[in-house]
Amino acid sequence: MAKVTYNKDGTPRKQGSGRKKGSLSLMRVKLSELTGKFNPNDPIIIGRKWYENLFKKVVDITPQKADTPSAADAVEEKIAYKITTFK
Amino acid sequence: MEIPFAELFGQINVKKRLNFYLKAFDKTSLCPFLLLVGAKGLGKTEFARQFGGNLKNMDGKNRPFLEMNCSTIKNLEGFFDQIFIPLIMDSEITVLFDEAHELPKDVTNAFLTIFNTERGHTRDFRWRDGQYPFDFKQQTFLFATTEPDKLFPPLKDRLTTVDFEDYLPSELAQILESQVEGIAFEDKALLEVAKTSRGNARDCVKVAKEIQIWCAANDTNIFRLKDFEQFTDDLGINPLGVSHIEKKLLSILRKDGQASLQELCAKTGLSRTAIQRDVELYLMKKSLIKIDGKRHITKEGSDYIDKFSPPKIKDVKKKIK
């Protein structure tokens, strides 16, 4: 007997639903083929995950702080003193 | 400087002790690690400077005097790198640590070892990979603080405390007169002005500057008692140097007879700490109020308010009726 799998809502999944092995919704093309067909401002549909992988992470990355002390820190750590010489 | 501290007024006991240490230094080139303790404006730093100015190097020349505010010392590394190695090590110098209660913990701990009261005048302090030599015949260390209770007790134990006292009105009058050039004072006026300085020499110097300006503005070089009244009126100075918030508190007590600290907070808008620390202390010192659980105005306080507070309009109207 075939193994029963379940949908997210808990109902049993119908037999034959889903993607068949080898059936791919995505295909590989050269970027030059696409740029030949579209103008720079034409909207195109792409995979959300692919977009996020490519662009969003770059936006989210915060620049690493340099390890060197800032000028303000350096001033703050200066000890204030005064030397008096007597004649 | 021929006579030590000749330019400074008052602080007789401090002068005596410091003169003793100067004499001892002349013979031994050693001075105890002195801790000058007193309220703000009593002249701790000035006395330390003059003391330093009277210490001589081995070759008879005057010793330079290095003073630093301890709140700017952030750690031991900074102290050794910026101060000890370039300025103190192998030099003959007097060093004053002002506001010593602000010393950071690691510096305080190092000082426990360095200023330990063991025999000998040299100390080699080892820290990390370095060795820092101290020679107390070459280097004299002084400390000053307004808050000795905040100083780490073991460090305080290693220092010799010299206590500063409040100035008497007559001493303040001398300070005041010395700070004002080209103006003659009526004796009574001088004493009255001195009383507004709250026993504080620094305040006295500030008042002296204001008198100088006031006299210039009024084209006079004689300051009389009647001028004092006009002067205090112009500058909003209350007799005895009582501040406006202190006077407000006195007025509240004069009206209500007594009040709790909570009531005074509500009526003045000040916090409990501010009233206790900044307002009540001086009023108690001048016997204008007393505290026994509740705050009471004394007879002196009542007299003060009756004499120096202008009557309210409705009171004047009542009298007229």
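In the predicted model, A:Thr84 has B:Phe65 as its bridge partner in β2(B). This pairing belongs to a link between two strands, β1 of chain A and β2 of chain B. Strand β1 spans residues 81-84 of chain A. Strand β2 spans residues 65-69 of chain B. The two strands run antiparallel and are joined by four bridges.

The contact between the chains draws nine residues from chain A and 16 residues from chain B. On the side of chain A that touches chain B, five residues are nonpolar, two are polar and two are charged.

Chain B is divided into three parts: domain 1 (12-163), domain 2 (169-237) and domain 3 (244-320). The C-alpha centres of domain 2 and domain 3 of chain B are 27 Å apart.

A helix pair was also examined in chain B. Two packed helices are described by the angle between their axes and the distance between the axes. Helix α10 of chain B covers residues 244-256, and helix α13 of chain B covers residues 299-308. Their axes come within 10 Å and cross at roughly 105°. Angles of 65 to 115 degrees count as roughly perpendicular, and α10(B) and α13(B) therefore lie roughly perpendicular to each other. From α10(B), the contact involves B:Leu250, B:Ser251, B:Leu253 and B:Arg254. From α13(B), B:Gly301, B:Ser302, B:Tyr304 and B:Ile305 meet them. By class, the contact of these two helices has four nonpolar, three polar and one charged residues.

Definitions and conventions: Residues numbered from 1 in each chain as written. Chains lettered and ligands numbered in written order. Predicted model: local features only at pLDDT ≥ 70, side-chain atom pairs only at ≥ 80, totals over all residues. Axes fitted to C-alpha atoms, helices over the stretch in contact; angles between N-to-C directions. Parallel < 35°, antiparallel > 145°, perpendicular 65-115°, else oblique. Contact = placed C-beta atoms within 7 Å. Nonpolar A, V, L, I, M, F, W, Y, C, P; charged D, E, K, R; others polar. Domains from an automatic or database assignment. Pairing = 2+ DSSP bridges.
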